[in-house]
Amino acid sequence: MDTIECENIEINLLLEAVYQKYGYDFRNYARAHVKRRVMRRLAISDLQNISALIHEILYNQEVLDALLLDLSINVTEMFRDPLFYLTIRREIIPVLRTYPFLKIWHAGCATGEEVYSLAILLKEEGLYNRVQIYATDFNEVVLSKAKEGIYPVELIKEYIANYQKSGGVGSLADYFNARYESVIMDQSLKDKVVFADHNLVTDGVFGEMNMIICRNVLIYFNKDLQDRVVKLFLDSLCSGGFLCLGTKESLRFSKYYDRFEVLIDKEKIYRKKYC
Ligand SMILES: C[S@@+](CC[C@H](N)C(=O)[O-])C[C@H]1O[C@@H](n2cnc3c(N)ncnc32)[C@H](O)[C@@H]1O
């Protein structure tokens with residue numbers, strides 16, 4: 001048995017230990033991603049090998065917390081992929097406008113930038129008063145940052161450019177207050193948002209959503225887990241509800257592909273078929 005095979009066994013044991021001790025289930029995350037992140041954790045710690053990391057994980061919660069951050073890549077930004085937001089504005093908002101009340105779920109919202117982006121868009125389109133937004137992530141550290149809505153001021157220039165490309169009709173500065181090195185998002189953008197801990201692997205459905213936005217999350221899962229999560233979204237959407245994925249993600253190879261209509265292929269916007 002070569003070293004790579006042994007490492008794979010050690011990674012299986014590590015993921016099993018994390019699951020059995022803490023309930024976080026990474027066993028069906030994309031193996032190349034897990035391996036990269038575990039190796040990085042080893043390189044920056046004093047540990048000799050993955051077996052030593054298993055021991056640390058079992059007896060030291062801080063090591064687990066660090067590994068959770070490693071495995072859940074939290075990169076995000078405001079109006080990320082501006083053309084996606086422009087498409088929502090032009091193609092999806094006119095449909096949403098016909099509904100008296102809207103329920104939207106941001107799954108894997110990380111530190112919340114995309115949640116505030118959508119809240120701004122809905123405000124500008126006059127739909128914010130009739131929406132309930134659920135913003136979830138399984139990582140409590142990023143979720144508490146999302147709730148705070150405080151971001152480094154040096155990122156704002158890029159966010160303003162994204163906002164303009166996304167079809168923003170006002171000025172991004174209308175939606176935050178600058179304080180020294182940070183900007184604080186306007187309280188009104190949080191009024192319609194419930195931030196909640198939710199694990200896509202182990203937790204259940206959110207009922208009757210008109211739109212689910214889960215961008216740049218499925219990419220870290222293997223095919224079986226992607227299918228499981230797409231089924232969770234299918235069961236959480238009302239008929240005609242929209243599912244929005246990241247630009248590098250697709251439903252094309254999903255077991256549930258035929259339950260969706262491809263609405264805008266380029267922006268990975270799908271619609272649950274009416275039964
Ligand atoms: C790369 S970020 C994407 C953030 C945002 N959706 C975007 O596109 O900018 C991926 C997020 O998915 C979250 N995530 C990963 N696995 C998850 C799971 N099993 N349940 C819920 N969230 C998860 C991570 O914590 C992370 O915040």
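At what angle do helix 2 (residues 31-44) and helix 4 (residues 61-71) pack, and how far apart are their axes? This is a predicted model, in which local features need pLDDT of at least 70 and side-chain atom pairs count only at pLDDT 80 or more, while totals for chains, interfaces and linings use all residues. Residues are numbered from 1 along each chain as its sequence is written.

Two packed helices are described by the angle between their axes and the distance between the axes. Helix 2 and helix 4 pack at about 140 degrees, with axes 9 Å apart. Axes here are lines fitted to C-alpha atoms over the stretch in contact, and angles run from 0 to 180 degrees between N-to-C directions. The two helices are therefore oblique to each other, since angles under 35 degrees count as roughly parallel, over 145 as roughly antiparallel, 65 to 115 as roughly perpendicular and the rest as oblique. Helices (H or I, at least four residues) and strands (E, at least two) are DSSP runs, numbered from the N terminus.

Most residues other than glycine have a negative phi. A110, however, has a positive phi of about 55 degrees; A110 lies in the loop between strand 1 (102-107) and helix 6 (113-124). Y180 likewise has a positive phi, near 50 degrees, and is placed in the loop between strand 4 (176-179) and strand 5 (182-185).

Is each of these residues buried or exposed? A110 is buried, because 24 other C-beta atoms lie within 10 Å, whereas Y180 is exposed, with 6. The cut-offs are 20 or more for buried and 12 or fewer for exposed, with partly exposed in between, counting other C-beta atoms, placed from the backbone, within 10 Å.
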